[in-house]
Amino acid sequence: MCYTCGPSRRSFATLLVAGVGMAALAACSPDARVASPTSAPSSSGPQTATPTTTTPLPAAASKPPSSAPPSKAPPSGVLSQQFSLSDPASQWVIVNKHRPLTPLQFVPADLAQPRVQLAASGEASLLNSTTAGAAEKLFAAAAVDGVTMTLASGYRSFQTQTATYDGYVSTRGQASADTASARPGFSEHQTGWAFDIGDGGGACSFEPCFADQPAAVWAKANAYKYGFVVRYPWMLNEITGYYYEPWHLRFIGVEAATDMAKRGIGTLEEYFGLEAAPGYP
């Protein structure tokens with residue numbers, strides 16, 4: 001989700017009205033420098049799940065949006081490990097407009113700054129230690145292929161998200177704010193499992209044209225090899241609740257990410273047999 005959106009929100013809305021299509025109306029945050037509060041344990045018990053055994057879906061880029069929830073097929077048991085879908089410390093935690101973090105003010109206990117090219121500072125340069133390690137491998141592989149990739153926005157605290165969301169509400173009203181910013185406790189960035197990438201140039205940062213930049217093209221084709229998925233794919237906003245964000249990567253582990261890629265499944269909601277979350281209940 002974008003870190004500094006501002007005017008681009010208005011341009012995205014214009015694109016949508018005009019029928020152009022690509023827009024990135026997701027959870028923005030200003031370039032804040034907020035210290036992390038003390039970590040609180042999750043109050044939810046483990047809720048493990050295995051991927052669905054649905055027939056492989058078409059590629060995300062060609063699939064039309066659907067308001068119907070994904071199929072809840074029986075678990076496939078194809079993966080060697082299973083993780084909780086509700087514990088925010090789990091690499092499979094699902095955070096969307098129907099599934100807030102528990103607790104809402106969760107803070108990763110192991111925040112670390114990855115050894116990658118940074119385009120952010122303060123808390124935004126941090127990830128949980130597992131994601132940080134995987135990101136280092138991802139960025140190094142991109143560099144070997146001659147692709148420049150930067151960490152544009154990583155961890156985002158509950159306090160930062162609160163300030164951002166409240167700012168949108170005060171200027172635009174809640175209904176409009178909910179199309180542009182995640183409510184506090186509903187953002188993947190708060191988990192430390194997700195981050196936004198840039199290309200070092202900034203010309204298309206958090207803009208639709210970023211999808212055509214080498215960093216985004218490379219990540220879309222290769223991120224699964226390092227455990228990442230593009231969390232908000234093209235034309236699947238009625239499932240994820242957010243428009244296409246080619247910059248937003250989410251770590252779920254190499255095995256699960258590779259399985260998703262091989263089976264052509266575009267969203268975590270579909271992969272784990274969860275209901276669509278286009279808006280808040």
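I counted secondary structure first: the protein has 8 helices and 8 strands. I note that the model is a predicted one.

I then looked up burial and surface. Of the 281 residues in the protein, 52% are buried. The accessible surface is about 11200 Å², and carbon and sulfur atoms account for 57% of it. For contacts between residues at least 6 apart in sequence, I find that 74% join residues at least 24 apart.

Next I turned to helix 3, which covers residues 158–172. I checked its length: 15 residues at 1.5 Å each should span 21 Å, and the end C-alpha atoms are 21 Å apart, so the two agree. Which residues of helix 3 are buried? I list F158, T160, Q161, T164, Y165 and Y168. Viewed down the helix axis, these buried residues fall within an arc of 160°, so they line one face of helix 3. A163, S170 and T171 are exposed, on the other side of the helix. After helix 3 comes G173, and I read a positive phi there, near 90°.

Last, I looked for disulfides. The count is 1. The bond joins C204 to C209, with an S to S distance of 2.1 Å. Is this disulfide left-handed or right-handed? The torsion about the S-S bond is about -115°, so I record the disulfide as left-handed. C204 has a relative accessible area of 10%, which is under the 20% cut-off, so it is buried. C209 is at 32% relative accessibility and counts as partly exposed.

Notes: Residues are numbered from 1 along each chain as its sequence is written. This is a predicted model: local features need pLDDT of at least 70, side-chain atom pairs count only at pLDDT 80 or more; totals for chains, interfaces and linings use all residues. Side-chain values use heavy atoms; hydrogens and water are left out. Helices (H or I, at least four residues) and strands (E, at least two) are DSSP runs, numbered from the N terminus. The expected span of a helix is 1.5 Å times one less than its number of residues. Buried means under 20% relative accessible area, exposed over 50%, partly exposed in between (1.4 Å probe, protein chains only). The arc is that of the directions from the helix axis to the C-beta atoms. Contact means heavy atoms within 4.5 Å. Accessible areas come from the Shrake-Rupley method with a 1.4 Å probe; for residues, only the protein chains shown count as cover. A disulfide is a pair of cysteine sulfur atoms within 2.5 Å.
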